[in-house]
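Welcome! Take a moment to look over the sequence and the 3D structure before reading on.

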Amino acid sequence: MANVIVIGAQWGDEGKGKITDLLSKSADIVVRYQGGVNAGHTVVVKEQTFKLHLIPSGILYPETQCIIGSGTVIDPQVLIGELDQLDTLNVSTENLMISQTAHVTMPYHRLIDQASEQKRGNKKIGTTGRGIGPTYADKSERTGIRILDLMNADHVEEQLEWTINYKNVILEKLYEMPPLDPKAVIEEYLGYAERLRPHVVDSSLKIAEGVKKKRNILFEGAQGTLLDLDHGTYPYVTSSNPVAGGACVGAGIGPTMIDRVIGVAKAYTTRVGEGPFPTELDGDLGQELCDRGAEFGTTTGRRRRCGWFDAVIGRYAVRINGMDCLAITKLDVLDTLAEIKVCVAYNIDGVRCENFPSSALRFARCEPIYETLPGWQQSTAACRSLEDLPKAALNYLKFLAELMEVPIAIVSLGASRDQTIIVEDPIHGPKRALLDANGTPVNQQPSEASNSPLSQ
């Protein structure tokens with residue numbers, strides 16, 4: 001039995017969807033613990049592409065239970081759209097469970113989110129405009145609507161009528177927008193409630209039952225470490241805690257129940273939205289990475305900013321999350337480059353800094369200090385073992401593992417499930433059997449972590 005957290009080690013968009021899908025084959029339960037529809041996971045199975053925003057990636061395995069935890073915020077309209085999409089693609093959603101204490105994103109949350117960003121002008125955060133921040137704000141202000149509220153029609157009608165009238169004052173007076181019709185919104189959301197009712201459960205209790213039965217539980221978050229509300233590049237962050245500690249709060253499980261933390265990082269770095277980005281590349285090279293990596297947001301379609309791998313934020317992510325191992329994705333995007341740079345430290349006002357600065361103003365002054373490695377200039381897309389990789393590609397991975405001070409367990413070389421190299425069993429650690437690209441154990445005993453080809 002293993003309870004494993006999968007987290008993003010950069011600014012999100014690291015390819016967590018594919019890694020979670022890969023690991024879900026070994027999981028009995030997959031739990032999404034935070035975020036909302038501002039997240040997007042793309043999974044490719046047999047040339048069929050699935051784009052999920054709220055439903056855990058494990059839904060593609062019929063026997064896997066999938067739970068949307070209480071730390072998430074749920075837009076019922078989007079969730080029902082995902083249910084309909086999966087139904088059209090003949091994917092069963094019978095095993096989907098929704099936490100009764102998760103908060104609900106309402107129409108006024110979206111409107112306020114969009115209007116607030118517009119009012120900020122050049123001070124905007126770069127939100128998706130999906131109402132996530134205002135939903136979490138209402139949760140903290142204790143005026144939010146929870147899923148269990150929607151299940152009680154008489155109670156929620158009174159609650160929503162007051163709340164909508166209150167939000168209308170903000171929409172009209174502050175943002176000069178037309179008011180919402182309380183009756184229309186209430187009728188719409190009570191309709192959503194009936195569609196979702198069969199899936200609503202006490203999620204913390206379900207997870208606890210799974211722990212007692214020694215089930216394999218996988219916890220997946222949205223976004224990445226540097227977008228964490230407390231530990232990211234504030235204020236250019238999300239409104240929840242994507243870090244590993246957030247899984248315990250958002251799922252309703254104690255920290256002593258967690259066995260392993262797996263971080264996901266691209267072989268380079270991307271960021272969407274506003275905020276400092278020391279290794280960002282302008283011009284043709286940045287555009288090449290964007291094009292080769294198809295770096296456009298799953299949720300918004302926005303172009304992602306691209307840059308070299310940043311080991312400073314990487315080491316920070318390892319420390320903040322207590323990572324046991326890494327999955328490196330999109331190594332194939334670097335296949336054409338003659339040389340590849342890696343940021344090993346920052347220059348801040350003439351002083352070398354190897355640790356992530358908490359101040360956004362200080363972070364904005366960081367100049368990357370690079371080490372340059374030779375590229376391999378040949379395709380890695382068909383590689384299925386470390387031995388298949390060009391020597392320069394293997395050396396690049398070793399260099400990242402040394403800088404990050406954590407072993408690399410998975411290398412991803414494309415969007416499909418089979419475009420993956422499993423270095424060591426990422427669930428149980430190096431003392432257990434290896435897994436092949438389909439997640440099936442193979443009859444080979446790996447060496448200790450210290451002797452692994454991609455250990456630190």
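Predicted model: local features only at pLDDT ≥ 70, side-chain atom pairs only at ≥ 80, totals over all residues.

For a closer look at one pairing, find β5 (residues 65–68) and β7 (residues 96–99): the two strands run parallel and are joined by 3 bridges. Here Ile 68 stands opposite Ile 98 in β7.

## Two annotated residues

In an unreviewed UniProt entry, the annotation "binding site" covers Asp 13 and Gly 40. They are spread over 28 residues of sequence, yet they cluster in space, with a largest C-alpha distance of 8.0 Å.

Asp 13 belongs to the loop between β1 (3–8) and α1 (16–24). Its relative accessible area is 24%, so Asp 13 is partly exposed. Beyond its neighbours within four places in sequence, Asp 13 is in contact with Lys 266, Thr 270, Val 272 and Arg 304. Gly 40 is found in the loop between β2 (29–32) and β3 (41–45). Gly 40 also counts as partly exposed, because its relative accessibility is 23%.

## The cavity

How many cavities of 30 Å³ or more does a search of the whole structure find? There is 1, and the largest cavity holds about 50 Å³ of space.

Its lining includes Ala 2, Val 4, Leu 23 and Asn 216. By type, the lining residues divide into 7 nonpolar and 2 polar, with no charged ones.

Notes. Residues numbered from 1 in each chain as written. Heavy atoms only, no water. 1 Å grid on protein atoms, 1.4 Å probe; cavity = no way out; pocket = protein on both sides within 12 Å on 5 of 7 lines; lining within 4 Å. Points joined across faces, edges and corners; volume = space filled by probe spheres on them. Nonpolar A, V, L, I, M, F, W, Y, C, P; charged D, E, K, R; others polar. Pairing = 2+ DSSP bridges. Helix = DSSP H or I, 4+ residues; strand = E, 2+ residues; numbered from the N terminus. UniProt positions renumbered as here; feature names shortened; annotations may be inferred. Buried < 20%, exposed > 50% of the residue type's maximum accessible area, 1.4 Å probe, protein only. Contact = heavy atoms within 4.5 Å.
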